[in-house]
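Please walk me through the fold and packing in this model. Start with the strands, then turn to helices and rings.

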Amino acid sequence: MAFQNVSELPKNQQSSSVQQKRSMQFMWILFISLAVINVTSALDEDVENDQTKRTATCTGKADIVFLVDSSGSVGQTNFNKTLQFIKDVVNKFSIGSNDVRIGVDTFSTSFRREFTLGRYSSKWSINSALDRIRYRAGGTDTASALSNMTSGSFSRSSGHRTGVRKVAVVITDGKSNSYSQTAAAARQARSAGIYLVAIGIGSGINVTELNAIASTRRNVFTTPSFSALSGLQGLLRTRLCPVMTPKPAACTGKADIVFLVDSSGSVGQTNFNKTLQFIKDVVNKFSIGSNAVRIGVDTFSSSFRREFTLSRYSSKWSINYALDRISYRGGNTVTASALSNMTSGSFSRSAGHRTGVRKIAVVITDGKSSSYSQTAAAARRARSAGIYLVAIGIGSGINVTELNAIASTRRNVFTTPSFSALSGLQGLLRTRLCPVMTPKPAVSCTGRRADVMFLLDSSGSVGELNFNKTLQLVRDVVSHFSIGSNAMKVGVDTFATGFRQEILLRSSSSASSFARNVNKIKYDGGSTYTGLGLTGMTTVSFSTEAGHRTGVPKVGIVVTDGQSSSSSNTVAAAKKAKSAGIYLLVVGVGSSVTTSELNSIATYPYSQNVFNAKSYTSMNSLHGVLAARGCARGSRYGKRLAAEEEIPEEHLE
């Protein structure tokens, strides 16, 4: 159909045709406009949804203090950029009395609390306050700043809310005046329950120091310049949002918990009362009862006193009432004797300990003990008896090395600058103990592969009866393993004056065949040539001819009751064993073993790989933890685990 020119139509038809044409044009414009609007609306909705997913405001509560470097190396311009960065971060949170609270401290040669957590309750008021902060210049006294922040910025008077997570963001452009003091102040802050994030700016920072400040290395952020600070906003928000989740519900599960409390002369009546109040606060965080948590309390100074046993009280109010009746005594700090008395009596059946329930001891002290060596030995015996030890040190008179020697792991050591600051540890202690209270699953090596060799002391000091108890330990450890060519393989060597291969790795094709071979092992007697035994295990027993599988982890479990005939030979042989890739666990039995030699044999960290048993009878309580160590070193589905992998807590005795 051909279209005619409108001008060629009769005049009366021209008007009608123009109207029709205009009507059609309008319809086309309307159609196209609606289509564009729909497409644009859909695109806008997608963008809005995507932005909502990426920038949704953090929910939850947190008390966040920014500790800002105002030293001479920063300069006015860069200091202003730091304040702008804080504004941008604050805008990503919900601010208010029931949400996030913000405080800001600055430091250089001196410390200044610019505004407290309770001061401002809206974003605009915080931004206005940030605009009023003045740059000061001076030195970089980070240690003093951390200490002042810990003691004051998170206090109730400053606006900290009980039960709300304490978060500190340290922003600095250079290393502090004293690394050691800064690291110590950061430890005290973490012990007070403060979650620390460290941001380092520019080329003058000390990353090692930032790691010493932060609660974890994932909390360390670096940026090349103050102008690039803005790029950390999203990362910081992502790091802090999960921290702000609501507090978990009350602890569930069973545990027998004994508090061992320092009542010596350096404590004093007032501080002793603060310790008892701290215990009350901790007890209130647990479910108390015969089918839940049981609490006992012992005190010590020059002598030991069992204040009340695990079975004595079955409710929170009765425990609190009993705590009020405990008397302060004064005296010396004989921690070793207290640990020994607690181990032998406070977790006995007559005292109310329930078979199969986790044994936990919380040691609270304000000073070093009368004898470090005796205290460390008593703590080893407590751990060998299956007691999970936590150590809390208060004030400047504590010995952190001794606290580490007491606790089951360094993560179980808490320090606080004063008895008044003890309350800050309630949440941390609860968080530390809750996972321990869950029922322990049986140790399982499903999917794990490792070649495990036992190296057993068969010398004259052991005796045939105790040697047979050692063989029983081997049976009990191996009972946790899946034995086979694609699972765990186990062998046994013995040493005395000489070295003997008892069971080769290639001989352990099944659990039943291994058990039969163990029954054939005979006691020797003779001297204690531990170095010879280690050398034989390294060069012969872990050879491919003996059954070692290429690429499969090697684990050696050494059991001995005495000092070796040549300490230097033992140290050298252990070093070669570890260089050959053997992961060494050591069990020392009795009082004749020396800690230094056991440590020289074992793979670091010694606190995880050296075990002490008071006797061959009590040694058997170690079978679970030894099995767990062996399993954890094994590869999963042929893939080697990281060397720093930790043993799951629930596998520890």
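## Strands, helices and ring contacts

Strands β10 (residues 359-365) and β11 (residues 387-394) run parallel and share seven bridges. Within this pair, V362 faces V390 of β11. Strands count as paired if DSSP finds at least two bridges between them. Helices (H or I, at least four residues) and strands (E, at least two) are DSSP runs, numbered from the N terminus.

This is a predicted model, in which local features need pLDDT of at least 70 and side-chain atom pairs pLDDT 80 or more, while totals for chains, interfaces and linings use all residues. Residues are numbered from 1 along each chain as its sequence is written, and side-chain values use heavy atoms, without hydrogens and water.

**The sheet with β10 and β11.** The open sheet has six strands in the order β9-β8-β7-β10-β11-β12, with mixed pairing. Its edges are β9 (304-308) and β12 (413-416); each has a single partner strand, so one side of each lacks a neighbour in the sheet. Neighbouring strands here are turned by 20° against each other on average, direction ignored. Axes are lines fitted to C-alpha atoms, for helices over the stretch in contact, and angles run from 0 to 180 degrees between N-to-C directions.

**Helix α13.** This helix (residues 426-437) has 12 residues, and at 1.5 Å a residue it should span 16 Å; its end C-alpha atoms are 16 Å apart, which agrees. The expected span is 1.5 Å times one less than the number of residues. Buried residues of α13 include L429, L433 and V436. Buried means under 20% relative accessible area, exposed over 50%, and partly exposed in between (1.4 Å probe, protein chains only). The cover over the buried residues of α13 includes β7 (255-262), α8 (269-283), β8 (293-300), β10, β11 and β12. Contact means heavy atoms within 4.5 Å.

**The β3 to β6 sheet.** Another open sheet of six strands has the order β3-β2-β1-β4-β5-β6, again with mixed pairing. Here β3 and β6 (220-223) stand at the edges with a single partner strand each, so one side of each has no neighbour in the sheet. Strands β2 (residues 100-107) and β3 (residues 111-115) are antiparallel, joined by four bridges. A hairpin of three residues links β2 to β3. F107 stands opposite F111 in β3. I199 stands opposite F221 in β6. Helix α4 (residues 142-153) packs on this sheet, touching β1 (62-69), β2, β3, β4 (166-172) and β5; its direction makes about 45° with that of β3.

**Aromatic pairs.** The whole structure holds five aromatic pairs. Rings of Phe, Tyr and Trp (its six-membered ring) pair if their centres lie within 6.5 Å; planes under 30 degrees apart are stacked, over 60 edge-to-face, and the rest tilted. Two of the pairs are tabulated.

| Pair | Centre distance | Plane angle | Class |
|---|---|---|---|
| F115 and Y120 | 5.2 Å | 75° | edge-to-face |
| F467 and Y523 | 5.8 Å | 45° | tilted |

F467 lies in helix α14 (residues 464-478) and Y523 in the loop between α15 (511-518) and α16 (530-541), so their pair ties together parts 56 residues apart in sequence. F467 is buried at 0% relative accessibility, whereas Y523 is partly exposed at 23%. F115 is buried at 3%, and Y120 is buried at 15%.
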